[in-house]
Amino acid sequence: MSEQIEQPLQYISKLFDEHLTNQSCTEFDPSSSFLPLLKDYKNQIISLNEVPVQQVPKNTLVRFRCMIQDTGLGQEMFISAYEKLDPNGNSKLTCYRYTDDPIEAELNTMQNEHLNERSLVYCISPPGENNWAKEAHNVNSDPLIDGINNLEIKAPNQISAKKFPLPNRDHTCSIVKFYNDMAESVKVGQLIEVIGIRGQDMTQQQNDETELDSALDLFSDIPVLHAIAFNNLNAINSYPSLGNVTHQTPQIRAQLIDYISSVLCNDTLVAEFVLLQLLSRVTVKNRGLKIGNFTLNISGFPAHQTTEQDKKTPLLTLYNPASKAFSDVLDTLNVHTVQIPLTIDGLNNTKFTPKSINENLEAGILQLVDGTVVLVDETVLEEGQLVDAGVRNFQALNDVILNQTLTYEFPYSQYQFDTDLNVISLSTSKSMLPNHCSIHLSMNNSNENRVQPSNETLDTFRQFIHSAKYSSYDIPEQVSEYIQTRFVNERKAATESKTELPTQEELMLRMNLARLAAVSFGETSLSAERYDYVINLDKQRRARMAEQSSN
Amino acid sequence: MSSFNQTPSDLVPDTPGRYYGRRTDMLSSQFEPSSPAFYARTPGSPSRMRVRRSELSSTLLGDDIGATSPLAYPSTPLRSSLNTYDSPQTPRTSTFVRTPFVPQTPGRPLHSSLNANDTQESDPSLSVRLIWGTTVNIHEAMTSFRNFLNNFTLSHRKRQNNEPITPQDRAPFYPALLNHIYTIQATNVNLDCRNLQAYPETHKLYDQLVKYPQEIIPLMDHTITEFYLSLFPSHDFNGLQLKIRPFNLSDAVNMRELDPQNVDQLITIKGLMIRASPIIPDMKEAFFRCLICDYTVTVSVDRGRILEPTRCGRESCASENSMTLVHNRCLFSDKQVARIQETPDVVPDGQTPQTVTMCLYDDLVDVGKPGDRLEVTGIFRGVPVRVNPKQRVIRSLFRTYLDVVHIKRTDKKRMQTDTAFRSQFGPEQYQEDDTIEVVSTADEDQILSLSEKHDLYDVLSRSLAPSIYELDDVKKGILLQLFGGTRKTFKKSGAPHFRGDINVLLVGDPGTSKSQLLQYVHKISPRGVYTSGKGSSAVGLTAYITRDPDSRQLVLESGALVLSDGGVCCIDEFDKMSDSTRSVLHEVMEQQTISVAKAGIITTLNARTSICASANPIGSRWNKNLSVPANLDLPPPLLSRFDLLYLILDRVDEDSDRRLAKHLVALYMEDIPTTGGIDIISVELLTKYINYAREKIQPVLSEEAGLKLVDCYVELRKQGQDRGGSEKRVTATTRQLESMIRMAEAHAKMRLSHTVEVSDVNEASRLLREAIKDYATDPKTGRIDMDLILSGTASHERNLQNSMKESLISKLSTYSNNRVDFAKLFKDFNEQSQVPVDTRSFEEVLKSLQDQGVINVSGEGRKRVIRILTTTANA
């Protein structure tokens with residue numbers, strides 16, 4: 001094992017020799033012997049998420065937890081093996097994968113049947129990953145070394161900074177080279193853990209005669225990682241280490257609502273809706289129709305007068321103390337969170353959607369890992385003029401909220417990518433942004449009694465949220481019948497009493513809430529009682545909204 | 001510098017021959033069957049041999065590529081890896097040939113089985129002459145191609161595809177094509193590879209062309225030039241040669257599937273050109289002159305390099321370092337490097353598109369512009385990347401690109417715009433085809449078989465936005481809009497065009513998926529543009545002047561309406577549009593042009609676009625007691641320009657409510673919901689089908705259909721007159737008749753029928769009635785009244801207003817001094833009236849009387865004083 005970790009290329013070379021005895025060299029794939037390492041010897045492999053990449057020597061086995069940012073870099077044709085003379089003068093077929101070292105050899109020793117190709121994919125460390133998650137991933141954490149590593153002065157790279165969604169944030173990036181069709185299964189925005197070998201940083205290739213610089217030339221000095229294998233970390237797997245917490249669901253649920261409400265003026269109704277929102281995700285995608293996304297707006301949030309000091313804060317940091325406190329709580333509960341304070345400047349000067357400029361796909365703030373909680377703070381928005389960029393950004397936010405799609409702009413074409421972001425918007429009055437459900441914060445009983453729960457409790461909370469979010473759910477036939485009848489009757493009653501008709505949207509909201517409420521109670525199928533509970537919950541919300549509008 | 005696009009007269013007389021001319025020389029000497037020099041040549045011999053067609057001897061990456069093609073080493077009969085791999089081009093062996101014709105045994109030339117066909121050649125040694133490293137038998141390839149040129153007829157291909165064959169298809173095709181080429185003095189022959197495949201004896205040639213384009217294309221060039229000269233012996237080519245441009249390979253490779261196997265093969269890829277370099281003068285031959293004795297020498301490009309002579313070649317001079325380059329006597333050709341990106345339809349879900357570099361030469365330069373969808377045929381190249389050009393150390397990497405031999409401009413995903421529109425841009429300089437472009441045959445079969453379905457109409461309308469619940473008639477209307485009517489041009493009458501485009505407006509309660517319908521239309525319509533009325537200004541819709549970032553010149557940028565010329569412009573939130581924006585639509589929707597007068601530019605742009613719009617009612621929810629114009633914040637003249645106006649209302653109906661609830665609940669169940677029924681076709685096929693119909697079918701009204709139209713129209717008109725003529729309502733105007741014609745045409749188009757039948761008219765009239773019934777019904781009388789849409793006031797209401805006016809005047813005249821307070825008048829008037837008069841209509845009547853100059857109103861609000869002006873009004 002130690003050879004595999006310390007001398008990965010030699011180990012691969014051995015595997016290759018074994019492989020050659022019975023098969024042709026083109027089908028060589030050592031991934032199966034490396035994948036178990038990620039499980040069993042994780043702590044012995046250097047992680048690029050923790051160690052600055054410049055400190056890692058070439059040809060070292062590393063792992064990298066990352067998000068796919070761009071798959072458009074194309075393929076690279078290379079010689080996967082060549083005849084090498086060993087000291088005895090015999091020529092021997094040598095593996096030439098997973099490394100960028102130049103070969104001191106004549107081209108004539110290369111056979112074109114060993115010509116192969118690998119795909120280049122640009123990966124970045126997960127945007128918005130919270131500190132607790134980083135620590136949880138960091139299996140051999142040593143505060144001293146981590147501290148030193150964090151002190152490392154990182155040379156700002158203009159190109160890589162533009163390919164990271166969140167401006168001015170530290171991150172690690174790498175061009176990952178995938179072998180053997182592995183890249184066919186990766187998708188933009190996917191979270192993966194790669195095990196591979198650090199290669200030579202990208203260098204400027206001499207191309208004096210092409211006249212048209214390739215996009216790859218932009219990436220000089222970006223680290224390269226030769227992927228041997230990777231694990232998918234999407235959806236349920238995005239959590240560092242998931243235990244089983246379902247047995248104590250009701251207590252946890254109550255505690256969790258308490259915890260959330262501590263930053264929401266002890267408003268447990270709002271806190272319950274926030275919990276439901278954290279449990280939501282896109283459950284069904286069908287011909288552009290998405291079911292399950294649930295954008296929550298909390299109106300009546302305490303306003304904050306923007307001071308000169310606030311204006312100097314870097315982009316994407318909240319400065320309204322109330323939203324900051326709320327956001328801190330969200331940070332402790334979710335793996336990935338991103339805060340977007342909506343300010344005129346922020347809207348005008350940032351980019352929400354990815355855009356390809358000179359064949360280089362620059363990231364936008366909303367290019368995030370699925371399941372990221374996006375907290376949009378409208379309370380700091382003031383009057384002003386939006387320029388073109390601002391209008392586009394606003395539109396992009398609308399698209400994510402309503403359709404969970406993000407448009408990537410390419411020259412002469414646009415691509416829509418599916419997203420699954422949990423958007424919560426905070427506003428002082430009616431929100432400018434669309435939402436599925438708006439609830440007014442009641443500020444009557446604001447006694448400050450915030451107690452920071454212990455790390456163990458927080459861990460239980462997180463695991464509870466995460467496992468409930470991805471738990472299975474169905475609607476039994478008789479409950480379905482019950483819901484239909486109830487809807488039909490309500491519409492009839494509304495016609496008779498000349499009140500407003502319950503609409504399609506309302507039914508959809510209820511169905512959505514029903515799923516979220518059921519899983520929050522640890523139930524895997526909907527019952528008529530739970531449906532009634534949801535209707536009751538929704539009625540309380542409406543009553544509060546009506547009360548607010550009448551005031 | 002001299003480029004090859006120049007006419008010969010531009011060249012300095014003593015320029016050492018045009019480059020194409022050399023190629024002819026080279027080839028004819030090289031392939032002269034009896035020439036012994038063919039075998040005798042050695043690799044180091046004449047540099048002239050290197051001058052070849054640009055795309056076949058690319059100089060893209062300088063020293064890395066050279067004349068590595070076997071043609072440059074014609075004397076290497078045996079395969080010897082050391083010799084040939086010396087040159088760093090991607091090595092080629094038979095392993096790259098996926099299905100080699102005949103299993104190749106290195107070192108032993110193969111005897112072809114087709115030797116029997118060889119009648120012209122007596123020397124047996126020549127019949128087995130193969131190009132090194134390939135299975136290409138030179139003689140056999142040339143013979144079979146000549147045979148093909150002589151004998152191929154279009155009927156060969158059409159018979160295979162079961163297309164109708166016309167008598168002229170039976171005539172040999174290529175003599176006719178060359179005749180055409182002779183008339184237009186072209187030098188390129190586009191070779192449709194489907195023809196090669198359809199002709200039984202060239203199957204092998206086709207396979208060879210794909211695998212060894214580097215070798216086969218020069219052979220074909222040579223053969224066709226000879227063939228051409230035999231047809232037109234008098235033609236002086238001025239040393240030039242015809243060039244074959246093969247296209248329509250049997251299958252296009254996806255860009256991301258290009259792999260080492262494709263290196264040096266002929267491939268076709270489809271993509272979107274995103275960038276292009278300026279035209280690069282690519283040196284082919286350098287011209288040197290001795291500074292001392294004026295001795296001149298030309299040096300050809302050798303592997304991307306020019307070897308500058310260090311001493312004068314004249315023995316009596318032999319000065320060192322005296323040779324100097326004379327720039328304007330060198331020979332250049334045009335070259336362009338471009339990047340082509342995958343089109344959205346082939347990019348796998350969740351991935352970003354990839355790009356490929358391509359090199360364009362000579363007359364292919366500037367054929368495609370950035371933004372064009374292209375189908376490119378070319379030779380895929382891979383060249384190694386050196387760490388340092390001076391060292392042998394390499395990084396085992398290969399750079400790949402495409403040497404283009406043919407470009408076809410396509411727009412496959414979206415429906416094609418009418419060819420008539422394209423031809424208006426003037427005759428194309430670049431001939432990209434030998435025939436008219438058609439939907440590929442497999443698709444055509446599918447389309448034709450689909451058109452024979454008895455429930456075609458239902459299947460198509462169901463397939464349109466399958467995720468949207470019900471709304472069958474709306475979908476049918478939109479479907480007909482996508483097909484469109486026939487655009488008519490009249491030479492004699494005053495109006496030059498009659499629009500064939502059908503405009504549709506969707507109105508209704510919020511949450512009835514109007515926007516989704518629009519989005520869907522936008523996705524599949526040709527040149528569809530989607531805009532929201534809220535955000536778009538008049539400028540955004542029409543055109544605006546902007547400065548080009550590169551050239552700093554003012555340019556006219558098209559807005560949404562111009563961009564959707566020949567397509568559908570989808571406008572969401574139509575009612576939220578500002579008045580000035582809306583006003584441009586008046587012109588667009590009837591005249592189909594846009595007049596721009598901005599920044600000194602006055603012009604009229606074409607906007608032959610159908611409009612599909614959606615609008616919300618004034619009070620967010622539809623008020624059933626008000627008419628359409630009262631519910632909508634839209635001026636009646638604009639409303640009347642819509643052929644179809646659909647009300648999508650949220651009605652309470654137990655059955656449909658239950659179905660809806662069931663549908664929604666099912667969506668939330670974990671398993672995949674079954675929306676829209678089972679029997680639907682894919683978006684791609686639907687698009688293709690619509691594309692095909694729009695392009696191929698221009699239906700004409702049949703006699704009976706015409707009569708039926710008249711009947712339907714008269715019937716529609718009659719509905720307003722059936723009450724003894726005492727009260728005339730307009731139930732239909734000529735606009736409705738025109739709409740009906742357009743829709744009947746669209747319906748016929750959908751059936752792929754060239755004539756409009758009675759059944760088409762029936763359906764058109766049914767759809768129109770359904771739509772009219774919904775939107776033109778006066779809610780007060782319950783009858784259809786076109787006046788509602790035309791003027792905003794129902795005839796019933798107008799009558800009411802008139803009688804109110806009369807009684808008001810008679811009332812006014814009863815007051816002393818003919819004047820009265822507003823409040824008193826309103827009160828008295830209401831007392832006198834049998835039905836209560838609301839303030840709104842009272843105000844309206846006052847206003848109209850004031851406008852007529854009958855009364856005078858002074859003061860403000862409720863303190864107004866009304867005075868009658870003329871006593872004659874009493875009468």
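**Entry 1: contacts and make-up of chain B**

I looked up contacts in chain B between residues at least 6 apart in sequence, and 69% of them join residues at least 24 apart. Contact means heavy atoms within 4.5 Å. I note that this is a predicted model, in which local features need pLDDT of at least 70, side-chain atom pairs count only at pLDDT 80 or more, and totals for chains, interfaces and linings use all residues. Residues are numbered from 1 along each chain as its sequence is written, chains are lettered from A and ligands numbered from 1 in the order in which they are written, and side-chain values use heavy atoms, with hydrogens and water left out.

For chain B I found 29 helices and 26 strands. Helices (H or I, at least four residues) and strands (E, at least two) are DSSP runs, numbered from the N terminus. Of the 875 residues in chain B, 54% are buried. Buried means under 20% relative accessible area, exposed over 50%, and partly exposed in between, with a 1.4 Å probe and protein chains only.

**Entry 2: cysteines**

C317(B) counts as buried because its relative accessibility is 19%. C612(B) is also buried, at 0%.

**Entry 3: two helices in chain B**

I then looked at α7(B), residues 173-184, and α10(B), residues 213-231, which pack at an angle of about 75 degrees with axes 11 Å apart. That makes the two helices roughly perpendicular, a class that covers 65 to 115 degrees; under 35 is roughly parallel, over 145 roughly antiparallel, and the rest oblique. Axes are lines fitted to C-alpha atoms, for helices over the stretch in contact, and angles run from 0 to 180 degrees between N-to-C directions.

From α7(B), P175(B), L178(B), I181(B) and Y182(B) meet I224(B), F227(B), Y228(B) and L231(B) of α10(B).

**Entry 4: a sheet in chain A**

In chain A I traced an open sheet of 5 strands with parallel pairing, in the order β13-β16-β19-β12-β20. Two strands pair if DSSP finds at least two bridges between them. The edge strands, β13 (337-341) and β20 (437-440) of chain A, each pair on one side only. Strand β12 (residues 296-299) of chain A pairs with β20(A) in the parallel sense over 4 bridges. Which residue in β20(A) is the bridge partner of N297(A)? The partner is S438(A).
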